[in-house]
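Here is a short walk through a predicted model. Keep the structure in view as you read.

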Amino acid sequence: PPIDETRIAAILSELRALTGLEEVKAAAETLAERARRRRARLAEDGDFPDETLHMVFTGNPGTGKTTVARIFARLYHALGLLSSDKVIEVNAAEGIKSSTVGRTRENMQRKLDEALGGVLFIDEAHQFGDKDDPAAREAIEAIVPFSWNRRNNLVIVLAGYSERMIDFFDMDPGLPRRFPKWGRLEFADYTADQ
């Protein structure tokens, strides 16, 4: 889709109006500029850069991760990087993991396919950080190739606890490239006043 500067301004204004989240708001401005440059490179040479727009949101429950993921879906659509602003939300433990061999991979693949064109928001993604858990390995085996091969029409946002996401990134050496450090945002707890 074409870039919609009016909509971009409105979305960034909506984000700035949220309570707290100062570091996230600052990062959003940087990410929006990165997305603009990506769009410009795409228009110039027709090739997608060797980078993704996937993100990792870490922090405690109730700090705004889901709300911000929804805003980013609309922002990336307005920036002309996604064909829609839809967000598919799923909980890792309840919506994807299964004790049946092969089922977790199928569940993950189904959600990835469903989210194409928009954003896949995976809450509690730290559940996929256990190397001894066959279901976690299946989920990673689905995420790694898809997140790279479809980087031109999908943004995956992983949400989880900061300390447990370290184990997630140890699951496969390709994960850090697919979820670069500039796209990892820490959501601070709200203060009592906030």
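Which residue in S4 is the bridge partner of Ile122? The partner is Leu158.

Five strands make up an open sheet, in the order S2-S3-S4-S1-S5. Their pairing is parallel. Strand S2 (87-91) and strand S5 (184-187) are the edge strands, and each pairs on one side only. From one strand to the next, the twist averages 15°.

Next come the helices. Helix H2, residues 22-45, lies across strand S1 (55-59) and S5. H2 runs at about 160° to S5. Helix H5, residues 103-115, packs on the sheet too. H5 touches S2, S3 and S4, and its direction makes about 145° with that of S3.

Then look at the nonpolar residues. The largest nonpolar core has 32 residues. Phe57, Phe72 and Tyr76 have the most contacts inside it. Helix H1 (5-16), H2, S1, helix H3 (65-78), S3, S4 and S5 each give two or more residues to this core. H3 provides the largest share, eight residues.

Pick out Tyr76. Leaving aside neighbours within four places in sequence, Tyr76 is in contact with Leu31, Ala35, Leu53, Met55, Leu81, Leu82 and Val155.

Methods:
Residues are numbered from 1 along each chain as its sequence is written. This is a predicted model: local features need pLDDT of at least 70, side-chain atom pairs count only at pLDDT 80 or more; totals for chains, interfaces and linings use all residues. Side-chain values use heavy atoms; hydrogens and water are left out. Two strands pair if DSSP finds at least two bridges between them. Helices (H or I, at least four residues) and strands (E, at least two) are DSSP runs, numbered from the N terminus. Axes are lines fitted to C-alpha atoms, for helices over the stretch in contact, and angles run from 0 to 180 degrees between N-to-C directions. Contact means heavy atoms within 4.5 Å. A nonpolar core is a set of buried Ala, Val, Leu, Ile, Met, Phe, Trp, Tyr and Cys residues joined through side-chain atoms within 4.5 Å. Buried means under 20% relative accessible area, exposed over 50%, partly exposed in between (1.4 Å probe, protein chains only).
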